[in-house]
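Morning, everyone. Please put the model up on the screen, and I'll walk you through it.

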Amino acid sequence: MNTRTRVLIAVTGVLALAAAAVIYVGVAGARNQDTASAGTSGAVTLESGRLLFRSTADADRGHVSSVAAADPGGARAVSTVSCSRVYAAGGTGICLRPETGLTTYQLAVLDSRLTVTQEIPLVGLPNRARVSADGKRLAWTVFVTGDSYNGGRFSTRAGTLDLTTDSVEGTLEDFAVTVEGKPYKAADFNFWGVTFTRQPDRFYATMSTGSHRYLVEGDSAARTVKTLRDNVECPSLSPDETHLAYKSAVDGDPAKGWRVSVLDLASGAVTPLAETRNVDDQPAWLDDRTVAYALPRTQGHSDVWTVPADGTGAPRLLIPEAESPAAL
């Protein structure tokens with residue numbers, strides 16, 4: 001592996017995510033167990049017309065799987081690759097997973113046949129993963145502890161990898177930050193939930209500081225981020241790049257849970273979606289009209305649901321025993 005990619009993703013603070021992190025730690029061991037006998041080598045590829053996901057079924061928990069987009073309730077293909085988080089686009093996959101025989105984690109870059117082409121060590125518990133539409137840029141978020149300002153509570157750290165230049169940003173906290181049009185510095189910056197645009201170097205993400213959880217727009221080349229609006233977490237850009245789906249804290253208080261909404265980037269209009277349950281996930285677009293997300297059912301088990309992006313309709317179960325959905 002290139003020495004530039006041998007980057008340790010170091011550690012930072014978000015009270016808003018602390019409760020979710022504690023739950024994640026409590027079940028991480030069970031969720032990350034690899035069922036060695038499960039899956040078939042070569043059974044899953046990143047071909048179009050499929051829905052990729054992480055299985056939560058007892059028989060193949062953690063294995064990267066897929067179903068036909070036209071028949072998501074039909075037979076599923078199960079690979080031998082196991083991940084804690086998975087996502088794919090543009091023929092490239094990202095797999096956040098435990099390192100073999102260790103208690104640490106790593107990012108594995110997957111090609112279209114799920115062959116690992118690169119590995120990067122991670123410090124922290126995997127939480128979010130994204131790939132740009134062209135498959136050239138990858139992003140991840142991990143939970144970490146140890147920041148002096150945070151009193152031992154959980155923080156988040158987000159990083160990116162550009163496959164065209166082989167460059168890694170281990171943390172976005174080193175970027176110059178503008179809050180409401182003014183330069184801003186703070187010790188408590190936390191970033192999570194990156195989503196990429198088709199423009200090289202441009203992305204959206206969540207940044208927290210103080211009691212705010214801002215939607216930010218970033219520029220990797222300029223190493224800058226600027227705030228756009230408050231109470232936006234885990235944004236996800238629609239395929240036509242006109243809307244962002246995201247979760248927002250009820251009454252601005254994460255302790256009350258999160259609801260999924262869609263932001264029109266041109267008008268600034270916000271549409272709450274028909275899902276009224278607590279959604280602690282980064283939404284994923286199936287197409288320009290449909291948003292998918294995972295909901296936990298019991299410990300270690302989740303289902304993928306969908307809802308129309310225009311606020312109409314009702315939630316619909318898409319894939320049982322699944323999470324980390326990605327439309328290929």
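Ser324 lies in strand S26, residues 322-327. Strands here are DSSP runs of E with at least two residues, numbered from the N terminus. Keep in mind that this is a predicted model: local features need pLDDT of at least 70, side-chain atom pairs count only at pLDDT 80 or more, and totals for chains, interfaces and linings use all residues. Residues are numbered from 1 along each chain as its sequence is written, and side-chain values use heavy atoms, with hydrogens and water left out.

Back to Ser324. Its phi is near 55°, a positive value in a residue other than glycine. Most residues other than glycine have a negative phi. Is Ser324 buried or exposed? Ser324 is buried, because its relative accessible area is 4%. The cut-offs: buried is under 20% relative accessible area, exposed is over 50%, and partly exposed is in between, with a 1.4 Å probe and protein chains only.

Asp166 also has a positive phi, near 60°. Asp166 sits in the loop between strand S10 (155-162) and strand S11 (167-169). With a relative accessible area of 16%, Asp166 is buried.

One more serine. Ser248 belongs to strand S19, residues 243-249. Its relative accessible area is 13%, so Ser248 counts as buried. What does Ser248 touch, leaving aside its neighbours within four places in sequence? Its contacts are Asn231, Gly257, Trp258, Arg259 and Ser261. Contact means heavy atoms within 4.5 Å.

Next, the disulfide. The structure holds 1. A disulfide is a covalent bond between the sulfur atoms of two cysteines. Here the test is a pair of cysteine sulfur atoms within 2.5 Å. Cys83 is joined to Cys95, with S to S at 2.0 Å. The pair links distant parts of the chain, 12 residues apart: Cys83 is in the loop between S3 and S4, and Cys95 is in strand S5. The torsion about the S-S bond of Cys83 and Cys95 is about -115°, so this disulfide is left-handed. Both Cys83 and Cys95 are buried. Cys234 is buried too, at 0% relative accessibility.

Now the cores. In soluble globular proteins, nonpolar side chains tend to be buried together. A nonpolar core is a set of buried Ala, Val, Leu, Ile, Met, Phe, Trp, Tyr and Cys residues joined through side-chain atoms within 4.5 Å. How many residues does the largest nonpolar core have? It has 34, and those with the most contacts inside it are Leu52, Val64, Ile94, Leu107 and Trp140. Strands that each supply at least two residues of this core include S3 (77-82), S5 (92-98) and S9 (137-144). Take Ile94. Beyond its neighbours within four places in sequence, Ile94 contacts residues including Tyr87, Leu107, Val131 and Trp140. A second, separate core of 16 residues includes Phe175, Val179, Val194 and Phe203.

Last stop, a pocket. On a 1 Å grid over the protein atoms alone, a pocket is an open set of points where a 1.4 Å probe fits, with protein on both sides within 12 Å along at least five of seven lines; lining residues have an atom within 4 Å of a point. The second largest pocket has a volume of about 390 Å³, which is the space filled by probe spheres set on the points, and points are joined across faces, edges and corners. Of its 24 lining residues, the closest to the centre are Tyr87, Ala89, Val131, Ala133 and Leu237. Strand S4 gives the largest share of the lining, 3 residues.

Conventions:
Helix = DSSP H or I, 4+ residues; strand = E, 2+ residues; numbered from the N terminus.
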